[in-house]
Amino acid sequence: MKTKRSTKIEPYLFILPTIILLILVLGIPLVNVFKFSVGKSNIIQGFLEWNSFENFHYLATPEFLKALGVTAVYVVFGVAGIVVCGTLVAVALNKPMPLRGIFRSIVIIPWIVPQAFAASMWSWVLNSQFGFINQLLMKLNWITAPISFLGDGKALGTVIMVRIWQGTPFMIISLMAALQTIPSDIEEAADLDGASALQRFRFITLPYLKPVLSTTTLIVTAWTIQIFDTVYIMTNGGPAGQTELVALEIYNKAFRDYDLGTACAIALLVLLIVGIIGFLKFKNERQVEE
């Protein structure tokens with residue numbers, strides 16, 4: 001027969017492997033990030049000497065603030081596009097239609113394609129000289145000269161569109177699951193009362209989608225802030241820093257400028273922002289449960 005003491009200890013024994021794994025995978029690297037951020041550090045030698053939080057001064061420079069502004073535009077418009085497109089497509093695919101199963105399978109393709117591969121594909125498709133889109137537009141006589149989609153003034157908008165293309169399937173899958181929870185009798189009653197499609201969406205569909213929509217939006221926002229490989233492959237932050245995201249700043253500081261300390265200081269800022277988003281997600285889930 002188990003003693004009272006062993007009964008109290010037993011739950012902790014079950015979660016002990018997970019705690020050890022988290023310490024090894026997250027705890028130790030996080031401690032190192034804090035350590036490197038407060039001193040002069042590089043990739044080869046690691047921590048060299050304390051420098052009185054000098055690395056954090058970079059966070060107030062015009063160069064970093066520009067990258068922060070670009071990231072904010074990328075995140076706001078990227079997430080907004082994902083939410084709008086995902087909601088519209090999810091609602092459309094929830095209705096009876098021919099070949100609905102095939103369409104549902106097709107829309108998740110951008111999500112399962114590796115980001116590095118997708119970025120390379122879009123770089124070729126959008127190439128200003130031999131890209132498929134430019135060739136198609138030229139043959140249709142819609143344009144008279146090739147468009148430089150990844151050139152000056154258009155690069156940020158292009159990578160935002162690619163982000164929307166990549167992130168929308170996750171929103172569609174999440175919302176389609178939520179749409180299945182809407183009672184059919186409520187929708188039938190709305191039809192009998194003569195409610196329009198817009199009214200049904202506003203007063204029936206949207207309230208049922210709201211908990212999932214808010215949680216999924218926070219998750220997508222956290223993911224979008226950390227995007228690196230897609231933009232790195234497509235533009236490498238160019239032209240002239242127009243797509244220089246904070247994630248690229250971390251990479252460039254660590255591996256191009258060999259300034260690991262400043263890279264870790266930027267990483268801590270990103271971690272703080274993502275942590276705030278995680279807190280909001282947790283708070284939102286608690287409110288839904290209550």
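The paragraphs below take up a helix, a loop residue and the cysteines in turn.

This is a predicted model, where local features need pLDDT of at least 70, side-chain atom pairs count only at pLDDT 80 or more, and totals for chains, interfaces and linings use all residues. Residues are numbered from 1 along each chain as its sequence is written, and side-chain values use heavy atoms, with hydrogens and water left out.

Start with helix H5, residues 115–125. Helices (H or I, at least four residues) and strands (E, at least two) are DSSP runs, numbered from the N terminus. The buried residues of H5 are Ala-118, Ala-119, Trp-122, Ser-123 and Val-125. Seen down the helix axis, they fall within an arc of 165 degrees, so they line one face of H5. The arc is taken from the directions from the helix axis to the C-beta atoms. Phe-117 and Trp-124 are exposed on the other side of H5. Buried means under 20% relative accessible area, exposed over 50%, and partly exposed in between (1.4 Å probe, protein chains only). The cover over the buried residues includes helices H6 (132–139), H7 (155–179) and H10 (229–234).

Now move to Asn-55, in the loop between strand E2 (46–50) and helix H2 (62–93). Asn-55 is buried, at 5% relative accessible area. Its side chain reaches the backbone oxygen of Gly-39 at 2.8 Å. Beyond neighbours within four places in sequence, Asn-55 is in contact (heavy atoms within 4.5 Å) with residues including Phe-36, Asp-259 and Thr-262.

Last, the cysteines. Cys-85 is partly exposed, at 33% relative accessible area. Cys-264 is buried, at 8%. A search of the whole structure finds zero disulfides, a disulfide being a pair of cysteine sulfur atoms within 2.5 Å.

Methods
A polar contact is a pair of N or O atoms within 3.5 Å; within protein, one must be able to donate a hydrogen and the other to accept it, and residues adjacent in sequence count only if both atoms are side-chain atoms.
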